[in-house]
Amino acid sequence: MPGALERARTLADHAHPSRHGAARLRRRGAGAGGVRPRAQPRAPRGRARGADDGVHEGFRAPARAGAEAPEAMNRWSQYYLFTTREVPSDAEVVSHQLMVRAGMIKKLAAGIYSYLPAGWRSLSKLMAIVRREMDAAGAVELSMPAIQPAELWVESGRWQRYGKELLRIRDRHEREFCFGPTHEEVVTDFVRRDVRSYRQLPFNLYQIQTKFRDEIRPRFGLMRGREFLMKDAYSFSATEESLDQVYSAMRDAYRRIFAACGLDYTMVEADTGTIGGSSSHEFMVTAATGESAVAHCSTCGYGANVEKAERGAWEVPSEQARQAAEKVETPGRKTIEEVAQFLGIPASRLVKALIYNTEHGLVAVLVRGDREVNEVKLLNQLPGTHHLELASAERVVAELGLTLGYVGPRGLRARNVRLLGDLSVRDARNFACGADEEGFHLVGVNWSAENSPSEFADLVLVGDGDPCPRCGAALAISRGIEVGHIFKLGAKYSEAMKCEFTDEAGVNRPMIMGCYGLGIGRTVAAAIEQGHDADGIVWPLPLAPWSVLVLALTPNDPAAMAAAEALAAELESRGVDVLLDDRDERPGVKFKDADLVGVPVRAVVGGKSFAAGQAELSLRRDRQKQLVPLAEAAAKVLELIERLRA
RNA sequence: CGGGGCGUAGCUCAGCUUGGUAGAGCGCACGGUUCGGGUCCGUGAGGCCGGAGGUUCAAAUCCUCUCGCCCCGACCA
């Protein structure tokens with residue numbers, strides 16, 4: 001799929017929890033009186049009956065609740081849900097720690113996780129929301145193979161280009177395959193064989209499926225795994241206008257999805273990167289632990305990934321008399337910081353020269369001393385160039401006879417190195433730079449025929465406070481988790497793979513494609529990053545594994561236990577998904593676990609309040625307790641859920 | 001791929017420098033105690049110390065190789 005989005009993990013085939021109508025029938029048939037195999041390692045405890053692992057929303061639709069028998073209640077004592085106090089040492093971010101502690105995921109290998117029942121329930125809820133919105137936006141679900149033949153990737157050119165992230169495998173006949181990290185090739189391959197006419201267009205196909213990217217460094221649990229669950233969609237249109245329509249439908253669907261999850265997110269412009277195409281947006285969930293940086297303008301609403309973010313005009317430095325360049329000795333000062341400090345000037349008064357190695361030779365870039373080069377922008381400025389890396393000191397000496405740290409524009413020009421300047425230095429005056437001689441810098445330098453770059457462009461990473469390209473106000477840089485990424489692909493793949501149709505005029509043309517990715521596991525992890533406190537997860541209702549936890553405080557008191565069961569059963573019959581904590585544990589343990597797992601609504605039945613004929617209700621998010629008569633408990637819980645949905 | 005680190009009980013870790021045949025806490029089992037925010041006490045089960053090879057009378061400990069994992073960096077449709 002597009003973007004580096006997403007990562008989560010999962011088994012191979014779950015993929016269709018939405019078919020729960022059928023799944024439920026199956027379950028019921030099998031369950032009828034039959035002895036269930038116990039899949040559980042736990043010794044004598046009975047396996048729960050058909051623990052539902054289907055899709056749930058806070059409530060099921062009334063029609064369905066009426067039409068079908070309630071599902072078997074989830075009893076914690078018989079469920080597969082084990083919490084832990086201690087966190088594995090490799091869990092660095094809260095979402096990872098809490099998912100492990102709450103018994104939602106279990107690591108199998110680096111970046112590869114099992115989704116345990118509670119975790120799977122949350123993922124399933126998200127998938128249900130995603131399906132609902134994708135379907136509503138006119139997309140059609142299908143499922144494509146995870147294993148893909150190399151030929152297709154050779155055809156699109158990505159077999160060479162993709163690099164080591166592509167997990168390549170061989171079958172017994174030594175034929176090459178890969179485990180799909182995305183499905184442009186596969187979908188384009190069958191579409192080109194099925195579709196001939198503009199009359200068959202447009203359409204948008206999606207799947208929710210396990211993908212694999214052999215990440216260099218998997219980390220952060222579901223946020224950057226190698227095996228992960230992703231929803232990916234691919235649209236095919238006859239015209240750009242049609243693509244625009246599908247694209248905006250997807251954009252709106254994504255907005256609805258993330259809003260429905262109760263997430264604080266922003267949509268920003270993104271670079272189309274090597275996937276190409278004309279337009280791309282990312283959906284970022286705001287989080288300090290996010291791996292992506294986003295520039296945002298609170299004045300006009302402009303937002304963009306920093307790799308893409310443009311920058312407004314820089315203030316032109318005040319008129320100053322041009323000085324004459326002067327060579328100064330700067331022994332041993334090679335870094336911007338050292339030189340600036342040594343010369344007693346701010347880093348912004350320095351012009352930094354960076355030398356890159358590309359497949360077409362060396363290229364040099366001049367940027368303001370306090371700025372970083374944005375390699376994506378640089379690459380975009382060098383058509384035909386795909387590889388970029390900072391040149392080694394040895395190579396610079398060998399090819400140019402220059403020492404890194406003392407390189408200046410004049411020396412680069414003299415050696416005929418292609419020299420690009422960032423806009424931030426175009427109007428610079430009386431700046432300092434390397435003197436092309438080890439141990440020396442120049443001060444009071446100005447542009448001249450001997451040192452001026454051949455071209456200026458926007459080449460740096462935007463910084464906090466830089467002017468907004470739209471309105472000029474200060475941009476703020478924040479971090480986010482990329483949970484969705486949509487692209488207008490155009491004809492990139494359809495041309496490479498000859499996916500063509502005949503238009504009204506009888507002319508064969510490549511289809512105009514779009515692709516739309518959404519990280520399932522990542523989105524759930526992001527929800528936890530945004531919703532947690534010192535005691536555990538605070539789920540938004542739509543993603544909570546259960547909406548209500550009925551906590552039987554004194555399970556050994558038959559009357560209290562019966563009341564707890566009755567409450568849980570009534571809620572189930574009203575379409576609410578309930579977890580009944582019927583474990584014979586101390587109250588403290590049960591309360592701590594309730595907080596950890598983070599079920600939005602808690603109903604305590606037992607103990608003193610039960611003796612007074614009451615149940616104690618509270619919301620995980622504020623923990624305000626209210627005592628209500630047992631007879632009214634179910635109705636009150638429904639009210640609380642309504643309040644949470646508002 | 002470069003740099004650093006770690007593999008010892010189910011989990012989190014100590015022991016390794018200065019070789020002498022393995023420990024704690026949590027968890028688990030049993031008994032008692034307790035019973036509205038991870039009770040307390042006792043008893044017990046549980047580990048070929050990641051794997052292979054080497055040095056040695058003797059290796060968790062020293063050496064070599066290997067596998068796996070983690071952190072930093074580079075990378076990231």
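**Salt bridges across the chain**

Asp577 is buried in this predicted model, its relative accessible area being 1%. The side chain of Asp577 forms a salt bridge with that of Arg121, at an N to O distance of 3.4 Å. The partners lie 456 residues apart and link distant parts of the chain. Asp577 sits in the loop between α16 (558-573) and β29 (578-581). Arg121 belongs to helix α4 (residues 117-136). Arg121 is buried as well, with a relative accessible area of 0%.

Helix α4 also holds Glu133. Here the side chains of Glu133 and Arg256 meet in a salt bridge, 2.8 Å from N to O. Arg256 lies in helix α8 (residues 240-260), and the pair connects distant parts of the chain, 123 residues apart. Glu133 is buried, with a relative accessible area of 9%. Arg256 is partly exposed, at 39% relative accessibility.

A further salt bridge joins Glu269 to Arg470, with 2.6 Å between the closest N and O atoms. Glu269 is in strand β10 (residues 265-269). Arg470 is in the loop between β21 (455-457) and β22 (476-490). This pair, too, links distant parts of the chain, with a separation of 201 residues. Arg470 counts as exposed because its relative accessible area of 55% is over the 50% cut-off.

Shared partners extend the pattern beyond pairs. Asp533, Asp535, Asp595, Arg620 and Arg623 are joined into one network by such salt bridges. The count of salt bridges comes to 42.

Methods:
Residues are numbered from 1 along each chain as its sequence is written. Chains are lettered from A and ligands numbered from 1 in the order in which they are written. This is a predicted model: local features need pLDDT of at least 70, side-chain atom pairs count only at pLDDT 80 or more; totals for chains, interfaces and linings use all residues. Side-chain values use heavy atoms; hydrogens and water are left out. A salt bridge is a side-chain nitrogen of Lys or Arg within 4 Å of a carboxyl oxygen of Asp or Glu. Helices (H or I, at least four residues) and strands (E, at least two) are DSSP runs, numbered from the N terminus. Buried means under 20% relative accessible area, exposed over 50%, partly exposed in between (1.4 Å probe, protein chains only).
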